[in-house]
Amino acid sequence: MTLAVNIAQIGSNNTTFRNRIINGAMVLDQRNAGASGTALDGYPTDRWKYEASQTSKLTWQQNAGAVTPPAGFSNYLGVTSSSAYTVLTGDYFLLSQFIEGFNTADLAWGTASAATVTLSFRVYSSLTGTFGGVVSNSAQNRSYPFTYTISTANTWTTTSVTIAGDTTGTWIGATNGIGLRIRFGLGVGTTYSGTAGAWAGTAYFSATGATSVVGTNGATFYITGVQLEAGSTASPFEYRSYGTEQSLCERYYWKSTVGTYNAIGAGSVTGSSQVSIYIKYPTTMRSSPTVSYSGTVYVFGISNQTVTAISSSYAGSFSGRFDFTPTATMTVGGGAILFTEQTGTNFVQATAEL
């Protein structure tokens, strides 16, 4: 007997990973632990990226402003405008998530079988009006600007946008590259703003005429419960266990946990001034990560039982290997264990973000 399976239908009805957005409820913030930031290309919460063309115009933070989240949620991602800034034609201020091709291939975008999707979310702002965003491909030469309305200030609003799948253009299939980009505009100039409700063959980041959060000093914008799913109707938000959500996030970014002498990797002393460590990540990362550390980390030389602090590291990582320069000579050929002390300022991190 032959069983015919429609992959797109599975994507729309399956209760496992129905939501293609990771950390849509903003529960994980490995990098900042709830602290605020202003960095361009920073990650206010896991998987969510702040993109901007100008510095110091917005402050971002998990649970910014300490307002009560919408019913059923404990966290949200917020931004606050630092001034009344008038966007230039080429400016953009965005909250974005890039979704891996393995998680979007079944949508079959770029073909005649392109599936319709629905983007839903809860949003809260001190401003009212028409706001904008975009869905686009990896190359950013296919874009679908969309709009949504916030009618009442400082009130959580549940909204959704249905988008007919793109039947043309080039969309990355089942690979670990960018399958599609989701962006919410916080102020976008005319160069990157396009007509809402239609696919366009250019790079747009938002819709023409959308409200600019950066245009009002002290303006706030909060969002949570973000879901992207196959189909033309928004379904209830897909709650995944915290452990599952954490594992999904750690495919793209991992930070060592705080613990008393927390061992995070092992290897060997490969030279008089080089220790090569292989870090055991809790999950398979999307690609070979870039590894770095903050504060002071320590290596224990098994052969000579010497504990020494790391003074510097070689650039980058090499197929999962991280090369350190210790502060003292260790026995070449001996084993080594890498660990951190119990403090939030001493940690190792690995990133394989899209």
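**View 1. Strands β17 and β22 pair in the antiparallel sense over 5 bridges.** Strands are DSSP runs of E of at least two residues, helices are runs of H or I of at least four residues, and both are numbered from the N terminus; two strands count as paired if DSSP finds at least two bridges between them. The model is predicted, so local features need pLDDT of at least 70 and side-chain atom pairs count only at pLDDT 80 or more, while totals for chains, interfaces and linings use all residues. Residues are numbered from 1 along each chain as its sequence is written, and side-chain values use heavy atoms, with hydrogens and water left out. Threonine 290 stands opposite threonine 351 of β22. Both strands belong to an open sheet of 3 strands in the order β14-β22-β17, with antiparallel pairing. At the edges stand β14 (253-255) and β17 (290-294); each has a single partner strand, so one side of each is left without a neighbour in the sheet. From one strand to the next the twist averages 15°, where axes are lines fitted to C-alpha atoms, for helices over the stretch in contact, and angles run from 0 to 180 degrees between N-to-C directions.

**View 2. Arg31, Arg47 and Glu353 are linked in a network of salt bridges.** A salt bridge is a side-chain nitrogen of Lys or Arg within 4 Å of a carboxyl oxygen of Asp or Glu, and the structure holds 9 of them. The side chains of arginine 31 and glutamate 353 meet at 2.8 Å, N to O. This pair links distant parts of the chain, 322 residues apart: arginine 31 lies in the loop between α1 (7-13) and β1 (42-45), and glutamate 353 in the segment after β22 (347-351). In the salt bridge of arginine 47 with glutamate 353, the closest N and O atoms are 2.6 Å apart. Here too distant parts of the chain are linked, with arginine 47 in the loop between β1 and β2 (48-52), 306 residues from glutamate 353. Arginine 47 counts as buried at 4% relative accessibility, as does glutamate 353 at 13%, whereas arginine 31 is partly exposed, with a relative accessible area of 21%. Buried means under 20% relative accessible area, exposed over 50%, and partly exposed in between (1.4 Å probe, protein chains only).

**View 3. Arginine 240 and glutamate 245 meet in a salt bridge of 3.1 Å, N to O.** Arginine 240 lies in the loop between β13 (220-230) and α2 (242-250). Both residues of the pair are buried, arginine 240 having 16% relative accessibility. The side chain of arginine 240 also makes a polar contact with the side chain of glutamate 238 (3.2 Å). A polar contact is a pair of N or O atoms within 3.5 Å; within protein, one must be able to donate a hydrogen and the other to accept it, and residues adjacent in sequence count only if both atoms are side-chain atoms. Not counting residues up to four places away in sequence, arginine 240 touches Phe17, Asn19, Ile21, Ile22, Asn23, Glu245 and Leu248, contact meaning heavy atoms within 4.5 Å.

**View 4. Over residues 1-14, pLDDT stays under 50.** pLDDT is the predictor's confidence in each residue, from 0 to 100. For this stretch the model has 10 contacts beyond four places in sequence. Where pLDDT is low, the predicted coordinates should not be read in detail. The chain averages a pLDDT of 91, and 92% of the residues score at least 70.
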